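Hi,

Here is the structure I said I would pass on.

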Amino acid sequence: MPKKASKKILIVEDDKDFASILKMKFESEGFCVVLAKDGQEGIDMADSEKPDLIFSDMLLPRVNGIDMAKTIREAKNKAEIIFLTNLEGASYAKESGQSEKFEYLIKSDVRISDIVSKAKEKLA
Amino acid sequence: MIALTFFQVSALLTSFIGLFLGIFVYIAGDRTKLSRSWFFLSIMVCLWSAGLFGVVYSTNQQTAWLWQYVLDIGGICIPVLFLNFLLHLMKKEKKLFYLQMVCLVAGASLIALNFTDLFKTGVSPKFGINFWIDPGKLYVLFPLYFAAVVFVCVYVTVKDYLATSDANYKRQLLYVLLAQIFGFGGGMTDFFPQVFNIYPFGNYFVILYVIFISYAALRHHLFNAKVIATELLTFAIWAFLMARTLLSTSIDELLLNGAILFAIIIAGVLLIGSVLREVKQKEQIEKMAKDLERAYAVEKRANEELQNLDKTKNQFLLQTQHDLRSPLSTIRGYCDLLLSGTLGKQPKKTAEVLERIEAVAEDKIRDVNNFLDVTQFRLGKGAVNLKPGVKIFSIISGIAKTLEPKCKEKGIYLKLAKPVQDGVSTIEITADKEKIKSAIFNVVDNAIKYTENGGVNVDLFIDNQKGSVVIEIQDTGIGIEKDKVSSLFEDKFERSHEAQKMASGKGIGLYLSAQIVKYHNGKIFAESEGQGKGTKFVIELPIIQPQNGHDNLKLASVEKPGSAL
């Protein structure tokens, strides 16, 4: 990756461990990482930090992932949103009829390096 | 010689019909208070009419005098009993208890009075009738009492008739009312000779009460209609034949009519008996049907409760799996972080330990995932996410790579055959990548588990005819008896008493593989030459999913080429 301004990634995740693993990993890969721990914080930071890519959990405190994503889209923020979720989140997305609109990765099925490759692919 | 007058015949008929109607309603009916009340009323009508017949038919004064008592006592009882019947019909026997009591006391007093010469002084011929009562000074109390009670009866009937909105009940009451008008109205004319010195023309009408009550019974289910219908028809024939017999003008005719009457009585009894049996059977069947319905309802409720319980259990399992998986994912994540050199290169020994930790975590995640998948499938949320572009060969080689260390440890081989067909290594199918991976993984893992010598060969080829890819997993393991091959893919967790062993998620692998393959519209089966001869597992997966072939959830993401910066 050419060494110009590093891409900024927003991670919205209420599991501190998972968030910190992702942060460390992405930072070691040369990304700039900002963390938000719930949906509302995610909306605010998407607005203030202008990230290039957003990884988010689906089931979040205060504002859930899908509502957060909708708000961010409505604000004409072009950052792509990828959900990192578990199966329950996936079925929640299906039930709420939002599954077609967003991309997601199932946490336990992917490794951290897979998430990084996904980010690189999106930001290439 | 036996020639009867019409008046006599009508009295006799009323008596017989009253008797039969009362007895049969009671026997055939449901022995409710209503039918019992009707029974007593009918018996009294019978007595009264028999008394009337006796008086007018007697040839000497003494006999006529005795019959007159029967006639009077029956006549006094009838209105009170009719009131009782009415109140039962209207279910007001408790509400109007005192009214009934007043009538009863009045009736009882009249019966007492009936034995004195204040009531009647004798019987003598009148209006061409053999004998008729000579009233005493207080006889007039009887018609007054009679009229008063009849008025009460008519009043409560009309009142209830106007008050009710139940159409059927309304019609019942209407016929009961008509029965009162004709029965009592006709009966009251029997007072005329002694009170107004007029011929008792109305007595013929008394029998009409039978017709109205019967009609109410038949059409509007006052009593058990079918039995009543049969009885009435039978009685009508009997009555007709009896009248003919009694009105016979010669011995020959009398004998003939008597014989016919006798035969018809026997036939009628048999007929009524059979209808009674039929009705009883019908009632039994109805009762059984009701019991069955109740039993069904109970079972349904139990079943629902069981289903709820199962749902709760499954939800609990899902939650547990989730809680187990989260920390395992975290452990694996940290290992990944350390091993990938994110935090600097690790010493060799540390890296080895980290690799072991990671392997254990991964193993456990797989168990938990399998377990979770089984639960999901059992919940009916067969969550397969079918997407095109799944490179099946790379999935298989990935699995081989993951499982190779395990085989090495066991001293067996794991070979992935080099593809000979064109395009095998690059073929893409429509599948749920992660799900199909675990489906194949489970089968290969199972093959390794049951192989102690030799090893496992994995082969992939394309069946162009079927439009599917075929994965063959051949081992040199313990094999399986032919008749047990199909049981390999059963839901062992559901049946096994080894639930504890299963709690780790082991032993459900093949079942899960079968479920996943099924949701891919594919096929999975095993072949074995028998014990000790190894097993071949075959998985067939369609390359392209049939349109609308399955209503799987399609969580295909919409990728927007322009959205990435």
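The largest nonpolar core has 81 residues, and those touching the most other members are Ile9(A), Ile440(B) and Val444(B). By nonpolar core I mean a set of buried Ala, Val, Leu, Ile, Met, Phe, Trp, Tyr and Cys residues joined through C-beta atoms within 7 Å. Buried means that 20 or more other C-beta atoms lie within 10 Å of the residue's own (exposed is 12 or fewer, partly exposed is in between), with C-beta atoms placed from the backbone. Helix 13 (residues 433–449) of chain B gives the most to this core, 8 residues. Helices (H or I, at least four residues) and strands (E, at least two) are DSSP runs numbered from the N terminus.

Before you go further: this is a predicted model, so to speak of local features I need pLDDT of at least 70, side-chain atom pairs count only at pLDDT 80 or more, and totals for chains, interfaces and linings use all residues. Residues are numbered from 1 along each chain as its sequence is written, while chains are lettered from A and ligands numbered from 1 in the order in which they are written.

Back to Val444(B): apart from neighbours within four places in sequence, its contacts are Ile399(B), Leu403(B), Val456(B), Val458(B) and Ile473(B). Contact here is C-beta atoms, placed from the backbone, within 7 Å. There is also a second, separate core of 61 residues, including Phe82(B) and Tyr139(B).

Next, the sheet in chain B. It is open, with 5 strands in the order 4-6-7-9-8 and mixed pairing; strands pair if DSSP finds at least two bridges between them. Strand 4 (413–416) and strand 8 (523–528) of chain B each have a single partner strand, so one side of each lacks a neighbour in the sheet. Strand 7 (residues 468–475) and strand 9 (residues 535–542) of chain B are antiparallel over 7 bridges, and Glu472(B) has Val538(B) as its bridge partner in strand 9 of chain B. Helix 12 (residues 392–410) of chain B packs on the sheet, touching strand 4, strand 6 (455–463) and strand 7 of chain B.

Chain A has 5 helices and 5 strands, in the pattern β-α-β-α-β-α-β-α-β-α. Of its 124 residues, 41% are buried. Leu60(A) sits in the loop between strand 3 (53–56) and helix 3 (65–74) of chain A. Why does Leu60(A) count as buried? Because it has 23 C-beta neighbours inside 10 Å. Its C-alpha is 6.6 Å from that of Asp14(A), 46 residues apart along the chain.

Cheers

Notes: Contact = placed C-beta atoms within 7 Å. Axes fitted to C-alpha atoms, helices over the stretch in contact; angles between N-to-C directions.
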